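The stops below are to be visited in order.

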Amino acid sequence: MTGPLLEIEGLTKHFAVRSGLLGRQVGAVRAVDHVDLSIAAGSTLGLVGESGCGKTTLGRCIVRAHDPTGGRMLYRWPDGSVIDVAGLGEKELKPYRAQVRMIFQDPHSSLNPRKTLREIIGEPMRAHKWGTKDEIDARVGELLDRVGLRPEYAGRYPHAFSGGERQRVGIARALALEPRLVVADEAVSALDVSVRAQILNLLADLREESGLAYLFVSHDLSIIEHVADVVAVMYLGRVVEQGPTEELYERPLHPYTEALLSAVPDPDPAAKRHRERIKLLGDIADPAHPPPGCPFHPRCVYAKNVCRTDVPPLREVRGRSVACHFAGELELRGVPELADPDVREVST
Ligand code: SF4
């Protein structure tokens with residue numbers, strides 16, 4: 001296939017702020033603000049940033065759980081044709097929704113406790129009229145087996161399973177219609193460390209087997225380093241840096257990326273002497289009232305006068321996209337490879 005699986009251009013999602021008896025719009029929360037991203041077939045794009053930066057809203061726009069306010073989402077079908085799915089209506093969206101699925105953060109609340117695994121995993125197949133009842137039941141058994149659960153569990157309810165097993169059920173449900181892109185929103189954040197490694201390895205195996213692409217949304221940069229081919233860093237609804245994982249971790253070009261990386265625990269205790277956590281000034285700004293100029297300037301230790309007045313455009317620097325007036329001029333610190341013995345490297 002030539003060209004990306006999904007190309008996002010200028011994607012914007014604003015939520016109206018209303019006030020008064022008549023509910024008049026008095027402002028807008030710019031949750032996602034002119035984001036450009038591209039996801040190649042079979043690749044993993046890691047999306048990182050603090051809580052409230054807009055990464056979950058962006059993921060929900062991609063699965064069309066939110067209607068974007070503006071921009072384009074160009075999706076490439078298996079026959080090579082491309083369609084803008086940003087403005088499609090519910091009926092036209094159905095085939096897209098079969099191919100782009102989501103895994104949720106909390107395996108406890110995302111599974112209906114009154115339904116058996118057979119009903120939960122079979123739900124998308126029934127909704128898309130995928131096959132007969134017997135065919136769907138047989139596929140549920142296959143999917144359970146594929147995610148490492150016994151097919152005999154199909155008649156049980158979610159409460160009978162641990163957090164890691166429930167997340168496997170959520171993955172089986174996401175895979176039911178053989179998607180080409182899965183949005184994993186903090187998919188392992190609620191799990192214990194050992195279970196987390198198992199789920200990450202399962203997702204990597206599924207990618208190897210079926211050429212799945214992932215948008216992996218996480219606040220945890222040590223996880224992203226192990227799963228992503230390309231990383232996009234979001235701040236206040238915008239992508240401020242995007243590039244190949246290894247290069248971005250070794251040599252960040254945006255001060256916000258540098259600060260996030262400085263907070264990643266170092267696996268080498270001896271190296272701790274040389275690594276200092278960069279404390280960001282204040283909190284992330286209110287997306288309804290972003291600061292003028294560079295949105296990061298009130299917290300940036302490198303800010304100069306121009307940063308307070310001029311918005312830095314996203315531009316190419318050393319093969320990466322960066323939104324900083326001084327990208328390439330600042331000497332920023334990255335991190336060495338983050339070893340995690342429980343998580344296998346994902347081949348690219
Ligand atoms: Fe910091 Fe200025 Fe770069 Fe913004 S443009 S990240 S304030 S140095």
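The tour begins with the whole chain and then turns to selected residues.

**Before starting**

This is a predicted model, in which local features need pLDDT of at least 70 and side-chain atom pairs count only at pLDDT 80 or more, while totals for chains, interfaces and linings use all residues. Residues are numbered from 1 along each chain as its sequence is written, and side-chain values use heavy atoms, with hydrogens and water left out.

**Stop 1: the whole chain**

How many helices and strands does the chain have? There are 10 helices and 12 strands; these are DSSP runs numbered from the N terminus, with helices being H or I of at least four residues and strands being E of at least two. The C-alpha atoms fill a box of roughly 65 × 60 × 45 Å along the principal axes. For 348 residues, a compact globule would have a radius of gyration near 20 Å, and the 21 Å of this chain agrees with that. The radius is taken over C-alpha atoms, and the globule rule is 2.2 Å times the number of residues to the power 0.38.

Now consider the contacts, meaning heavy atoms within 4.5 Å. Of those between residues at least 6 apart in sequence, 65% join residues at least 24 apart. Buried residues account for 50% of the 348 residues, where buried means under 20% relative accessible area, exposed over 50%, and partly exposed in between (1.4 Å probe, protein chains only).

**Stop 2**

Select strand β1 (residues 6-19) and strand β2 (residues 24-39). The two strands run antiparallel and are joined by 11 bridges; strands count as paired if DSSP finds at least two bridges between them. S19 has R24 in β2 as its bridge partner. β1 and β2 form a hairpin with 4 residues between them. Within the turn, G20 has a positive phi of about 80°.

**Stop 3: two residues with positive phi**

Most residues other than glycine have a negative phi. Select R64 in the loop between α1 (55-62) and β4 (70-76). R64 is not a glycine, yet its phi is positive, near 65°. Is R64 buried or exposed? R64 is buried, with a relative accessible area of 4%.

Next, select E178 in the loop between α5 (163-175) and β7 (181-185). E178 is also a residue other than glycine with a positive phi, here near 50°. E178 counts as exposed, at 57% relative accessibility.
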